[in-house]
Amino acid sequence: MGECVVPPSQREQPATFRDGAAIDRRFVKHVFDNVHGSITLDPGSEIDIDYYDVQTVKLAGLLHDIGHGPFSHMFEHEFLPQALPGSQWSHEQMSVQLVDYIVDQHHIDIDSDRLRKVKSSEEKHFLYDIVANGRNGIDVDKFDYIGRDCRACGLGCNFQFQRLLEGMRVMDDEICYPAKEYLNIHKLFATRADLHRTVYTHAKVKAIELMVVDALVKADDYLKISLYPFDPAQFWKLDDTILKTIEFADSKKLKESRNIIQRIRRRDLYQFCNEYAVPKDKLEHFKDITPQDIVCSQKANGVQLKVEDIAVSNVKIDLTRGKHNPLESHLLPASCQDRIVRVYAKKPELVEAVSEAFENLQLKIYGVKTQVHETPEAKKRRR
């Protein structure tokens, strides 16, 4: 990431469309997406952006996430791996399939070349990085949801995306930023990580997610939810109302799922027992902890736990590049990833037994208890 400057004289010259009509660059094209922020594109500039490029980025902003299932990433990363072990399904792939389905089903008159450009990046790769940047993670998707979620949750947001928009330039088909903005860019990734720690992976948020996943998995044999993602004609009908479908169904085959959803309504959630952060020097060889690991760590006497009594959440928080620093700067923290293991008891009366087994597991793996604090005695005694 180096200094990049475009002379003002070049930026102030009039641009030309394909038909030769000159425009004043003060009247540039703005790509507005009511979900994924905004960015300014200048048709006819020195990087050869034309009207169709602007339309392509608009379409990409509108369509790139339509392949998400109910409850977004939870459906893809939590439900499907349990319902269909080994499945390689992804929402990005489904987004492409849904675009084709929508165009065909509704006989939309759209240039095939433009549609191809929306779905793949054979040229002008930097245009695709505007909406979803697979190279360094700096894109308007993050600009939008980070600012929006901070406001919605009453959290402060020090990251100022406007500064990046003003200073960015395209060099060698890649969007680049002035080196002096490295701290501002780091704030983007750090704020995202903070949102994951305090909001997206909050202990109660994860408890509800674990319960929703259990409800969907138990309902899958009857409702065949896991088959929907393989047929765009059916998948678009699947949304968050699937919980209402389960809750109001009369079938006895959905009783277990229904009971879980009703527990969520009553705020009778899986009980968070404790958590520990994986030591930094153990991250490289860390393997996800399972309920079976907890069961195997319980003492022989007392309550005998079963796998179905326990839920485990393995949380990974990073700066979008795993354990690596996305800015590759020696001025920023060397460790850029946290792994947190949380354990839950599905019944309040099992909190003490699950907590004890969880402590035994830590001693077995690391030789010490790595959890920050003991499970509160009041929670252990709750019935």
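**Figure 1. An open sheet of three strands has the order β7-β9-β8, and its pairing is antiparallel.** The model shown here and in the views that follow is predicted. Strands β7 (271–277) and β8 stand at the edges of the sheet, and each has a single partner strand, so one side of each is left without a neighbour in the sheet. From one strand to the next, the twist averages 20°. Helix α15 (residues 351–366) packs on this sheet and touches β7, β8 and β9. The direction of α15 makes about 15° with that of β7.

**Figure 2. Strand β8 (residues 310–318) is joined to strand β9 (residues 337–345).** The two strands run antiparallel, and nine bridges join them. Two of the residue pairs can be picked out in this view. V315 has I340 in β9 as its bridge partner, and A311 has Y344 in β9 as its bridge partner. How enclosed is strand β8 by the rest of the structure? Seven of the nine residues of β8 are buried, so the strand is largely enclosed. Helix α9 (residues 182–200) lies across β8 and β9. The angle at which α9 runs to β8 is about 165°.

**Figure 3. Helix α7 covers residues 140–152.** The helix has 13 residues, and at 1.5 Å a residue these should span 18 Å. The C-alpha atoms at the ends of α7 are 18 Å apart, which agrees with that span. Ten of the 13 residues are buried, so α7 is largely enclosed by the rest of the structure. Among the buried residues of α7 are V140, F143, Y145, I146 and C150. Just after α7 comes G154, which takes a positive phi of about 70°.

**Figure 4. K142 forms a salt bridge with D139.** The closest N and O atoms of this pair are 3.8 Å apart. Both K142 and D139 are buried.

Figure 5. Side chains of opposite charge can pair when their charged atoms come close. Here the side chains of K124 and D53 meet at 2.5 Å, N to O. Is D53 buried or exposed? With a relative accessible area of 4%, D53 is buried. How many salt bridges does the model hold? The count comes to 19.

**Figure 6. K369 and E374 meet in a salt bridge through their side chains.** The N to O distance is 3.7 Å. K369 counts as partly exposed, at 38% relative accessibility. E374 also counts as partly exposed, at 44% relative accessibility. Elsewhere, salt bridges that share partners join D194, R197, K280 and D338 into one network.

**Figure 7. H91 lies in helix α4.** At 7% relative accessibility, H91 counts as buried, because buried means under 20%. Which side chain makes a polar contact with the side chain of H91? The contact is with the side chain of H68, at 3.5 Å. Not counting residues up to four places away in sequence, H91 touches D65, G67, H68, H73 and E76.

**Figure 8. F71 and H107 each have a positive phi although neither is a glycine.** For F71, phi is about 60°. F71 is placed in the loop between α2 (51–63) and α3 (73–83). Its relative accessibility is 26%, so F71 counts as partly exposed. For H107, phi is about 50°. H107 is found in the loop between α4 (91–105) and α5 (112–119). H107 is exposed, with a relative accessible area of 70%.

How values were computed:
Residues numbered from 1 in each chain as written. Predicted model: local features only at pLDDT ≥ 70, side-chain atom pairs only at ≥ 80, totals over all residues. Heavy atoms only, no water. Helix = DSSP H or I, 4+ residues; strand = E, 2+ residues; numbered from the N terminus. Buried < 20%, exposed > 50% of the residue type's maximum accessible area, 1.4 Å probe, protein only. Expected span 1.5 Å × (residues − 1). Pairing = 2+ DSSP bridges. Axes fitted to C-alpha atoms, helices over the stretch in contact; angles between N-to-C directions. Contact = heavy atoms within 4.5 Å. Salt bridge = Lys/Arg side-chain N within 4 Å of Asp/Glu carboxyl O. Polar contact = N/O pair within 3.5 Å; in protein donor to acceptor, adjacent residues only side chain to side chain.
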